[in-house]
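Here are my notes on this model, point by point. Please read them with the structure open.

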Amino acid sequence: MKYKAGFIAFLGLPNAGKSTLTNCLIREKVSIVTNKPQTTRRRITGIYTTKEFQAVLVDTPGYIDNTSGLNHFLQQELEDVLKSADAILVTLNLDAKSLDPLEKILDLAKSTNKPFAALITKSDLGMGHRVHTLVAKLENMNIPYAEISSTAQPDETREEVSKLLLQMLPESPAPLYPEDIFTTENVRDICAEIIREKCFQMLFEEIPYQLAVQIRAFEEGETLTKIYADIVVDKDNQKKIVVGHGASTLKKIGMQSREQIEKLVGTKVYLELHVKSKKKWMKDPMMMKELGYVLSANV
Ligand SMILES: Nc1nc2c(ncn2[C@@H]2O[C@H](COP(=O)(O)OP(=O)(O)OP(=O)(O)O)[C@@H](O)[C@H]2O)c(=O)[nH]1
Ligand SMILES: [Mg+2]
């Protein structure tokens with residue numbers, strides 16, 4: 001069989017398990033994961049290379065029906081990734097509130113006229129009745145599919161998804177990226193995402209959604225990496241909540257981020273976090289751009 005390689009876009013609802021699957025396939029943590037919807041805000045590339053193919057996986061923000069401010073950016077970003085992909089992996093999560101949005105996602109995938117396959121995610125949750133309905137629908141529409149659980153059965157997931165990728169990817173004389181790299185993301189951006197993940201996990205209500213992380217300085221040394229980062233909130237009164245009583249929340253965010261960043265960079269890490277407010281940054285295109293939320297086409 002000829003070698004295959006190409007770009008694969010993920011398409012699914014927020015919280016469907018797209019980022020968990022991306023990390024599972026490439027066996028590295030490149031995309032952040034939380035139990036809150038709308039964790040992923042911009043495309044994240046994970047490169048999955050085997051002897052038979054190279055799939056450049058583009059993890060995306062979840063699909064939502066809301067398009068103002070930051071949400072507008074998230075949906076534009078998703079559309080843009082879909083346009084430039086060779087094929088699409090649709091994630092149908094068993095814990096979705098109802099079947100309607102899942103059907104909408106399938107229609108959206110179909111409307112792109114690109115090859116696509118469906119993944120029924122979180123199969124460890126059981127929900128046999130819903131699996132049955134989805135499978136009947138997919139078979140009826142003649143859509144290739146697999147049932148997977150990235151968390152409970154990572155090996156089987158890689159095996160099943162690889163079969164689908166091999167069917168969908170275009171032939172290519174060679175890999176698109178060197179075979180030993182697993183992402184095109186730079187370390188500085190992954191660090192900002194790790195800090196944002198900890199904020200998402202430790203903060204509640206609207207705050208995670210109105211917060212961004214900006215790396216001010218990143219100094220790499222032989223044995224120590226120094227990182228100075230700002231946690232940017234949307235309103236002044238959110239600052240004290242992020243800092244917490246006696247700075248306890250900020251300390252926890254810092255400690256957990258540092259632990260994970262040390263694994264990534266392979267040195268000790270000095271991490272200094274400041275909380276700043278940039279009022280209504282989510283509604284201001286210039287501020288959004290400064291915080292890294294800019295469509296590639298507009299860079
Ligand atoms: N039970 C179970 N939970 C899973 C599985 N895969 C992911 N999850 C959980 O589902 C939640 C959302 O996972 P993510 O990977 O962040 O989902 P996402 O589709 O990237 O979400 P957005 O970035 O918000 O669009 C997390 O709490 C994961 O741990 C799975 O196979 N089984
Ligand atoms: Mg995600």
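1. Ligand 1 has 23 residues around it, and K18, T20, Q38, T40 and D124 come nearest. Here, a residue is near if one of its heavy atoms lies within 4 Å. This is a predicted model: local features need pLDDT of at least 70, side-chain atom pairs count only at pLDDT 80 or more, and totals for chains, interfaces and linings use all residues. Residues are numbered from 1 along each chain as its sequence is written, chains are lettered from A and ligands numbered from 1 in the order written, and side-chain values use heavy atoms, without hydrogens and water.

2. For K122, the distance is 2.9 Å. For S149, it is 3.1 Å.

3. Six strands form an open, mixed sheet in the order β2-β3-β1-β4-β5-β6. Strands (E, at least two residues) and helices (H or I, at least four) are DSSP runs, numbered from the N terminus. Strands pair if DSSP finds at least two bridges between them. β2 (44-49) and β6 (145-147) are the edges; each has a single partner strand, so one side of each lacks a neighbour in the sheet. The twist averages 25° from one strand to the next.

4. Within that sheet, β1 (residues 4-12) and β3 (residues 53-59) are parallel, over six bridges. A5 stands opposite Q54 in β3. Helix α3 (residues 100-111) packs on the sheet, touching β1, β4 and β5, at about 175° to β4. Angles run from 0 to 180 degrees between N-to-C directions; axes are lines fitted to C-alpha atoms, for helices over the stretch in contact.

5. How do α1 (residues 18-26) and α5 (residues 154-168) pack? Their angle is about 90°, with the axes 9 Å apart. That makes α1 roughly perpendicular (65 to 115 degrees) to α5. L21, C24 and L25 of α1 make contact (heavy atoms within 4.5 Å) with P154, T157, R158 and V161 of α5.

6. A second open sheet has three strands, β7-β8-β9, with mixed pairing. β7 (212-220) and β9 (268-277) stand at the edges, each with a single partner strand, so one side of each is left without a neighbour in the sheet. Eight bridges join β7 to β8 (residues 224-233), and the two run antiparallel. V213 has I231 as its bridge partner in β8.

Definitions and conventions:
Angles under 35 degrees count as roughly parallel, over 145 as roughly antiparallel, 65 to 115 as roughly perpendicular and the rest as oblique. A polar contact is a pair of N or O atoms within 3.5 Å; within protein, one must be able to donate a hydrogen and the other to accept it, and residues adjacent in sequence count only if both atoms are side-chain atoms.
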